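Here is a short briefing to read alongside the model. Have the viewer open as you go through the points.

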Amino acid sequence: IRQKTDELLLQENLTLCRDTCDKLHEATTHRSFALLRAYQGKFEDASQHLDIALSLIQEMDAITSEGAIWAYRSLCALFAKDISSAFSAATKARMLAEEQQNERDIIRSEWLLGWTSIRLVNQEGEQALTLLQKAELHLRDAMSRCRRINMVDYEADLLLAKARLYFAKGENNQAKRNATEALTITNRSDFRVLRADVYNLLAELAMEDGNWQEAQSHAKAAYTDALCNGIP
């Protein structure tokens, strides 16, 4: 079962890192464990793993790795629908990325700032236009940087975020184009959990068009990917 295998591998990594006193890779493994727990909906466990990861990084004074912890904290908070915390963590991640001039971390934090801004629209109705404008700037910057250094592993995430932005703006045709492009990348790379998110958005777009059969097909595809041949 894929998800159980992932968990066992992470647990084995933690044991090995502790046996060899490899605190840097131990922190990275806790970070990955946090994301797995967030996908499983175990948000308290995810937060505990991130706390341990941050403590290890600070103990080593490895400032260059701290931004990634805050980015993962933002992502886990997004899954937990704690959008305010997600935005704060993404802002912290962006600040650290700028201090270290780490292009990969800048791209990741800009993506998260864009996504969290879109999600805040539902909570800050009176500021919707401003938030969407900020989201567009963040995502445009992230995509430009991503393509400039050919960082392909974040391109599908960015396209999905842009699709969500256009959906929030009511520009459904453009949203569908971006989501379809993201789907092509996830099919090629087999990012199954990300692909489930893409299918869910495509289902929402199909429902907006009144195409219920297409929406059901996308929703079923999302469900299959979310199972990942194991625990949802």
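Arg195 is buried, at 11% relative accessibility (buried means under 20% relative accessible area, exposed over 50% and partly exposed in between, with a 1.4 Å probe and protein chains only). Its partner in a salt bridge is Asp225, with the closest N and O atoms 2.7 Å apart; a salt bridge here is a side-chain nitrogen of Lys or Arg within 4 Å of a carboxyl oxygen of Asp or Glu. Asp225 is buried as well, at 4% relative accessibility. Arg195 belongs to helix α10 (residues 192–208) and Asp225 to helix α11 (residues 212–227), so the pair ties together parts that are 30 residues apart in sequence.

This is a predicted model, in which local features need pLDDT of at least 70 and side-chain atom pairs count only at pLDDT 80 or more, while totals for chains, interfaces and linings use all residues. Residues are numbered from 1 along each chain as its sequence is written, and side-chain values use heavy atoms, with hydrogens and water left out.

**Other salt bridges**
- The count of salt bridges comes to 19.
- Arg145 and Glu103 form one of them, with 2.9 Å between the closest N and O atoms.
- Arg145 sits in helix α7 (residues 128–148) and Glu103 in helix α6 (residues 103–120), so this pair ties together parts that are 42 residues apart in sequence.
- Arg145 is buried at a relative accessible area of 16%, whereas Glu103 is partly exposed at 24%.
- Arg147 meets Glu155 in a salt bridge at 3.0 Å, N to O; Arg147 is partly exposed at 46%, and Glu155 is buried at 15%.

**Fold and dimensions**
- The protein has 11 helices and 0 strands, where helices (H or I, at least four residues) and strands (E, at least two) are DSSP runs numbered from the N terminus.
- A compact globule of 232 residues would have a radius of gyration near 17 Å, and the 18 Å of the protein agrees with that; the radius is taken over C-alpha atoms, and the globule rule is 2.2 Å times the number of residues to the power 0.38.
- Along the principal axes, the C-alpha atoms fill a box of roughly 55 × 40 × 35 Å.

**Packing**
- Buried residues make up 47% of the 232 residues.
- Of the contacts (heavy atoms within 4.5 Å) between residues at least 6 apart in sequence, 55% join residues at least 24 apart.
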